[in-house]
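Good morning, and thank you for making time for this presentation. I would ask you to keep the sequence and the structure in view while I speak.

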Amino acid sequence: MLANVKSVSVYGIEGYLVEVEIYVAKGEMPSTIIVGLPDTAVKESRDRVKAALNNSGYQFPGKNVIINLAPADRKKEGPVFELPIAVGILAATSQLEIPDLSEYAIVGELSLDGKVRSVKGCLPMALKCREQGIKKMLLPSENAPEAAVVEGLDVLPVETLEQAVGILTKSILPEKYRIEPDEVFQKYSEYEVDFAEIKGQEHAKRALTVAAAGNHNVILIGPPGAGKTMLVQRIPTIMPRLSLEEALETTKIYSVLGLLDAKKSLIATRPFRAPHHTISTAGLIGGGSIPRAGEISLSHNGVLFLDELPEFDRKTLEVLRQPLETGNVTISRAMNSVTYPARFMLVCAMNPCPCGYYTDRIKECRCTSYQIQNYSSKVSGPLMDRIDIQLEIPAVSYKELVSDTEGYSSEVLREKTVLAREIQNERFKDQTIEVNAHMTSKQIKEYCVLDRQAELLLYQAMAELGISARGHSKILKVARTIADMEESGCIKVEHVSEAIQYRSMDRGLQK
Ligand SMILES: Nc1ncnc2c1ncn2[C@@H]1O[C@H](COP(=O)(O)OP(=O)(O)O)[C@@H](O)[C@H]1O
Ligand SMILES: [Mg+2]
Ligand SMILES: [Zn+2]
């Protein structure tokens, strides 16, 4: 007999429907063939389905069983289909009468004793189900929270094969897993850290607000303990809040990688990722035989922090260039290629010299000038080319550290970035870019108009401080953002003079 069960899988971060067809032929030699899975996964899946059925009080047919997973041209990850295969076998061998089987999409890995194990990618899968008009999704209970953000789909969590059978045969009443997406979004949209916790550092806070307002990439240079990490960790808190749509997009990536916290349906805060400098290229940008998203995609809509920048492998850093430009990354393999979103703000930090104290007010630097030169030049030029703001971070004084005055809170700083983003949205509404940082040279010419005095200042600064042409366009973009924060159409002298301050490496670090 023949049975058909609907299932879902993911490709990149999008779901696609899979038809699980089971054919059980009579009176032939016992054998099981699975078509449409990578070879290594077939045997494991078959054995697990067999054991799970036997241990749940059913039989795996001693006949010729053909299992076809369509479309066959996609190499699928196997375990997702074990529950639908088991259900299909029960239907095809008439061990069960399942009415309305076609109303369900079923996913789940099986353990030998018949428990249903979690799978990756249930959010994109659930989105696909809804898009295809499927009403009910039967899935591992651990994955129910992420699927439940999709409205208009009945999410039916199961712990065991037996429970799945009970629901399908209508002998037990299913318990739909329900959440209110808006409520969940609210609940998870608060950050655990705040800029108010940082004493002093008003200059750095201001610069980081400018960076967040125009989505400018930043590098922080300062001695150990100056508070670089502490500052950077708080950048997501001053970026405009995620929209529900952006939150879903980011959550999809975590769902596909199986990185969502249990019970947490949505990632509603901007991600902050800080991979160690020993990370591989594949780990950073993505890779593997079944292409997997990397840190840049986990940072999507948030911040990617590269601490100790000179310690990173140069080649690894240079592959960041393309995603920094396009906002996504394509991982190509012989058979297929996958594109993952990767639009993030890049924030880097480094010490000014090998010992760390070149710019420190108190501690003595023991490096030679050659060592200091060499240290900065280790940082990849092409990457520095993508960084608009170079910010020196001095250590705060003891007096500031112990003072009781609270600094600006993230909420107050965020108001400025929200305002500036609204102006940018309006400016770029007919363009492919959204933020000042992504302006092309043509757009810089059009939108970064300086008044006479501002022009004069920039001209002088270029000559006196030895700022390159590359630095020039960065100053213009950053000055545009500063003017936007003050709702000024024209870029004035104070906007340019502030933007010039954010080129500390071009100017030479202050000892
Ligand atoms: N401005 C500050 N306000 C409050 N605490 C600070 C400040 N700067 C540094 N600290 C304290 O010093 C510690 C080290 O800061 P950290 O951010 O790790 O420095 P860095 O990354 O520059 O080496 C922080 O955990 C924090 O406790
Ligand atoms: Mg640090
Ligand atoms: Zn030093």
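Predicted model: local features only at pLDDT ≥ 70, side-chain atom pairs only at ≥ 80, totals over all residues.

Strand β11 pairs with strand β14, residues 303-306, in the parallel sense, over two bridges. In that pairing F272 stands opposite V303 of β14.

Which way do the residues of β14 point? V303 and F305 point one way, L304 and L306 point the other way, and all of them are buried. In a regular strand, side chains alternate between the two faces of the sheet.

These strands belong to an open sheet of five, in the order β11-β14-β17-β10-β18, with parallel pairing. Which strands stand at the edges? They are β11, residues 272-273, and β18; each has a single partner strand, so one side of each is left without a neighbour in the sheet. Helix α7 lies across β10, residues 218-221, and β18, and runs at about 165° to β18.

Let me now turn to the domains. The domain assignment of the protein chain gives domain 1 as 2-179, domain 2 as 195-429 and domain 3 as 439-511. The centres of domain 2 and domain 3, taken over C-alpha atoms, are separated by 22 Å. Their contact takes 21 residues from domain 2 and 18 residues from domain 3.

Which elements give two or more residues to the side of domain 2 that touches domain 3? They are α7 (202-214), β18 (389-392) and α17 (410-427). The largest share, six residues, comes from α17. By class, this side of domain 2 has eleven nonpolar, five polar and five charged residues.

Is G489 buried or exposed? G489 is exposed, because there are 9 other C-beta atoms within 10 Å, and a residue counts as exposed at 12 or fewer. The C-alpha atoms of G489 and I423 are separated by 9.8 Å, and the two residues are 66 residues apart along the chain.

Next, a pair of helices. Two packed helices are described by the angle between their axes and the distance between the axes. Helix α3, residues 122-131, packs against helix α9, residues 244-256, at an angle of about 120°, with the axes 7 Å apart. The contact is made by C122, L123 and P124 on the α3 side and by T251, K252, S255 and V256 on the α9 side. By class, the contact has four nonpolar, two polar and one charged residues.

Finally, the ligand. How many residues surround ligand 1? There are 14, and the closest are K199, G227, K228, T229 and M230. Helix α8, residues 228-233, provides the largest share of this shell, three residues. By class, the shell around ligand 1 has six nonpolar, six polar and two charged residues.

Thank you for your attention.

How values were computed: Residues numbered from 1 in each chain as written. Chains lettered and ligands numbered in written order. Domains from an automatic or database assignment. Contact = placed C-beta atoms within 7 Å. Helix = DSSP H or I, 4+ residues; strand = E, 2+ residues; numbered from the N terminus. Nonpolar A, V, L, I, M, F, W, Y, C, P; charged D, E, K, R; others polar. Near = placed C-beta within 6 Å. Buried ≥ 20, exposed ≤ 12 C-beta atoms within 10 Å, placed from the backbone. Pairing = 2+ DSSP bridges. Axes fitted to C-alpha atoms, helices over the stretch in contact; angles between N-to-C directions.
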